[in-house]
Structures are given as structure tokens and as C-alpha cells.
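Here is a short briefing on one protein model. Keep the sequence and the 3D view open as you read.

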Amino acid sequence: MADNETIIRFNNVTFQFEFNRPVLEEVSFSMRKGAKVALMGQNGAGKSTIFQLITKELMPDSGELSVDQSFTVATARQVMTQEDRELTIEAYFQKHSGLETHELKRRISEVLGAVNLHAPSEKIVKSFSGGQQARLLLAAALIQKPDLLLLDEPTNNLDPAGIEHLTYFLMNYSKSCLVISHDSNFLNSFTEGVLYLDVHTHKVEQYVGDYLDVVEQIAARIEKENRQNARMAKGIQENKDKANFFAHKGGKMRLVAKKMREKAAEMEENKVEVRRDDKTIRTFTIPAQQKIGGVLIKITSFSIIQNHEVVTKPTDIVLGKNDHLLIAGPNGIGKSTLIESLVNGTAEGATITSGVRVGYYRQDFSTLNYSDTVHLSLEKAYAESGDLVQEEYLRSVASGFLLTSPLMNTEVGNISEGQKGLLSFARLVLMRPGLLILDEPTNHINFRHIPIIAAALDEYQGAMILVSHVPEFVWSMRIDNVLDLEK
């Protein structure tokens, strides 16, 4: 097959999960062999659905979808399933490759080297950090030696070294690749085209170039459409004014007035629908718990993983109201384990003062009850604040995070990962915590929302503990102290 031959073609594909709520509407695009393309769009637009249609996990309601039959396709997913978390490394790769034992061990060594992760084959998947699990998800796709690699948010949980390694790998990857990501810098380093799924029209716009080129093209298009409509609006008003003038003249002038009205109506019909840009969440504040003061949390020691062994180190950290702490360190050192032990009260060297309400943003969203509706999840968080639930305020907070009325009765397990992230922030607003503990809060979040989230965290007046591998995010807020687990 020549490199310019088409391997994927969507032709007027329509798909919906619920009646009258389309995800895709007459979507058409194609992808050629050897291309590296970004698939972008707002949280909840349906990007992961496109992946599931390509892999035939879902089937379109109408239209034609063709994937080259000679091509093998593998997906590196966003999150590790609960079932996979319980497997050993060897069993995990056996499940996703179907290889015989003698070939399996050799291939495991190859793919772990490709993702820069080294671990014994008997190690359990759940014992790895979030960043290490992200590398395993990619390795599970690579072990299948696919002709088309589908990557769903591959930089989530990765530290800067991990992102750099992944970027270098993809720049040198010789096969076809379609990537969902909200990290524009990462995408711009290796992609040559963008498929943009518009959440308003449910259609895919195809662009050549990187995401910065796309933003420029979209801005130019919106400006052109607005200018065109402004010209037409002027013409429409002129024809209406003339029609009114001639209508009062009587006789044959009424016929002229009728023609003027018809021309104005025709021009109204010919006005173009201006492309709507992605919505961003509203500016918000996370209110801090009242009637607390003094020491909110004290940490005298912490444990890390060093050379596969648990090592305990002393420290002296005291956080009161308005104190912000960053916990830093590479993937696998034990950041998430540390903050989870703080939340659970199992950290031997740390104490949270009694009565302090803890708001915990966990990177895998496992603190959310997936069988709750979005509304019930928000209601439960609101109740934790001790305030009487006011429906109007709850819905106002929800809409600020783009959790609109149609989503309120949807089960949490059925919304996108990005929407789960926005739901988690909405819950924190309603909860009014005294201590905020955040583990990779930018994962899955549209980059347009991140400056607004950073501003809210910067202004938070309770105690805050943050883990994040995104330097630009960390730099844009106040950090009073850093606990570097590597030092």
C-alpha cells in the first residue's frame, strides 16, 4: 500500500447513545497511511466514541465507515480498568497480546524499554503509580505491533521526563497514529494534521498543520463569517426600510415593497451560521470551610519508594489556613500513595486536625460513585458542607462547569473523563473544604479551562496540597512550600 492511500474513511456517519442527543451527525473525514493526526474537541464532545467506532466496539447508526482490512488497530486507553489493575505484568500483557509464553517475555522487554519503564514481570499493576500505569497502557497497545495506534490522553499522569520520552518515541514512530490530547504543546511537536470534533454541530472539521495553525484558521474563519453577516444585515435592513417606504405609497409601489421584503427574507436565509468556539468554564471560587484555624495538618515524616524499597524520611511541615504545599517528585516515587494515606488517616507521620473537612480530587476519579447521577453526586457533596441544599445554587454551580441540564440525570459512569474532572471541581465548590488535596487535577481537562482552575486554586484560602506534573499550571498559582520527595 502506498503511503498516501486512505486507511480510515468516515462518510456521513451519525451516532447517538440516546434518542435525539447526537454525538456525531453526518461526520465525514479520512486519514491516510503513515499520518500522525490529533483528534481534538471540548470535553464530552465524543472523541473517545470515534475511537470506539474505528475499533468496531460501537457501530454507526447511519453512514459508511471503512477501516483498511489489512491494518491492525490497537488503542492505548485513558485509564486502567479495575480488572487489569489486579493482574501481574506478565498476565496483563498476555491478556492484551495473546502471545505464547516464550515470545511474550521477549516482547514485554521490548515494549517496556520503548516506554522507559523497567519492572519485574511478577509485579502487580495496581502497585504502579498513575504515571507508570499510563506507560503500561501505551505498552499494552505497542505489544500488538499495530499498523494504526490510537492514543487516548497518553500524557495524563506522566512526569516531564515521561512526556519527553513519549514525544521522542512518537516523532520517530513509523506507522499511523491518531491521538486524543488536550496538551497542545505535546501535540504540536509531532502531529501534521488535526481532526476537530465540534461539540455544537457534532461534525468533524479536518485541518492541515498543528493545533496552533488550527486556532489561527478558526479565528480567521469566525472573523470572515461575522463580516459577511454584518454586510448582509446592512442589506437586509436597507431592503426592509425601502419596503416600508414604498408600502405607504400605494398602487404599484406595493408590488415593489413586496419584492423588497422577499429580497430581505432571501438574504436572511443566506446568512451563514457563525462557527461557535469552544465554551470555557466560568470563573469560580472554592469557598474555604469557616470556623477553623491554627494548624490544619502537620507532617513529620513521609515514605517513598526507592530502589523498589519503602524508605521513611523526616520532615517538618505545618499547614494552616491559606498555606499551599506542592508535593514534587518523579513517577513511581510515591506521591499519590502519600496523599491517599493523608486522606485515609493512615499516614504514620501526619495528622489532620479533627473537624477539618477534606476535599480530595483523585486522579482516577475513584472517589466518585459511578452509579450516582451527576445531580445526586453534586447533592451529596453539597450536603457535606452542612448547608441546606438549594437547588437553584446547585444548578448554577453545575452550569458554570458546563454540566448542563441534559447531563444532570446521566450516571457519572457514562460521562466523559473530562466531564468527571469538571464534576469533581463542582463538588469541591459545593463542599467548602478546609483542606484541599489535589492529585493531578489537570488530567483530561481541556486546556482552555486550566487557567481558570489555576486562578481559583491560587485564591483558595484554606490549606492546599497539590501534586501536578504540569509546570505552567503550578507556576500560575501561589505555592508557599515544596516537599520534594526525591531530595
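Predicted model: local features only at pLDDT ≥ 70, side-chain atom pairs only at ≥ 80, totals over all residues.

Strand β7 has five residues, and five of the five are buried. The structure holds 18 salt bridges. Arg357, in contrast, is buried and has no salt bridge.

- Strand β3 (residues 36-41) pairs with β7 in the parallel sense, over four bridges. Find Val37 and you will see Leu178 of β7 opposite.
- Strand β6 (residues 148-152) also runs parallel to β7, and five bridges join the two. Leu148 has Ser176 in β7 as its bridge partner.
- From β6 the chain passes through helix α6 (residues 160-171) and on to β7. This β-α-β crossover is right-handed.

**Strand β12 and its partners**

- Strand β12 spans residues 324-328 and is mostly covered, with four of its five residues buried.
- β12 runs parallel to strand β16 (residues 463-467), joined by three bridges. Here Leu325 stands opposite Ile465.
- β12 also pairs with strand β17 (residues 481-484), again in the parallel sense, over four bridges. Leu326 has Val482 of β17 as its bridge partner.

**Helices with a buried side**

- Which residues of helix α10 (residues 335-344) are buried? They are Lys335, Leu338, Ile339, Ser341 and Leu342. They sit on the same side of α10 because they cover an arc of only 155 degrees around the axis.
- Thr337 and Asn344 are exposed, on the face of α10 turned away from the buried side.
- Gly345 follows α10 and has a positive phi, near 75 degrees.
- In helix α12 (residues 391-400), the buried residues are Leu394, Val397, Ala398 and Gly400. Their arc around the axis is only 160 degrees, so they lie on the same side of α12.
- What do the buried residues of α12 pack against? They pack against α11 (374-384), α13 (405-408) and α14 (417-431).
- Just after α12 comes Leu402, with a positive phi of about 65 degrees.

**A buried arginine**

- Arg357 lies in the loop between β13 (350-352) and β14 (358-361).
- How far away is the nearest side chain of opposite charge to Arg357? That side chain is Glu384, 6.2 Å away.
- Beyond its neighbours within four places in sequence, Arg357 contacts several residues, among them Gln289, Glu384, Ser385 and Met431. Arg432, Pro433, Gly434 and Leu435 are also in contact with Arg357.

**Salt bridges**

- Glu26 forms a salt bridge with Lys203, and their closest N and O atoms are 3.9 Å apart. Glu26 is in strand β2 (residues 21-32), while Lys203 is in the loop between β8 (193-197) and β9 (204-208), so the pair ties together parts 177 residues apart in sequence.
- Glu26 is partly exposed, at 49% relative accessible area. Lys203 is partly exposed too, at 33%.
- Lys105 and Glu90 meet in a salt bridge, 3.0 Å from N to O. Lys105 belongs to helix α4 (residues 101-114) and Glu90 to helix α3 (residues 89-97), 15 residues apart.
- Lys105 counts as partly exposed at 46% relative accessibility. Glu90 counts as partly exposed at 21%.
- Glu110 and Arg106 form a salt bridge of 2.4 Å, N to O. Both lie in helix α4, four residues apart, about one turn of the helix.
- Glu110 is partly exposed, with a relative accessible area of 40%. Arg106 counts as partly exposed, at 40% relative accessibility.
- Which residues join Glu110 in a network of salt bridges? Glu103, Arg106 and Arg107 are linked with Glu110 in that network.

Key: Residues numbered from 1 in each chain as written. Heavy atoms only, no water. Buried < 20%, exposed > 50% of the residue type's maximum accessible area, 1.4 Å probe, protein only. Lys, Arg positive; Asp, Glu negative; His and termini not counted. Salt bridge = Lys/Arg side-chain N within 4 Å of Asp/Glu carboxyl O. Contact = heavy atoms within 4.5 Å. Pairing = 2+ DSSP bridges. Right-handed = clockwise from strand over helix to strand, strands pointing away. Arc of directions from axis to C-beta.
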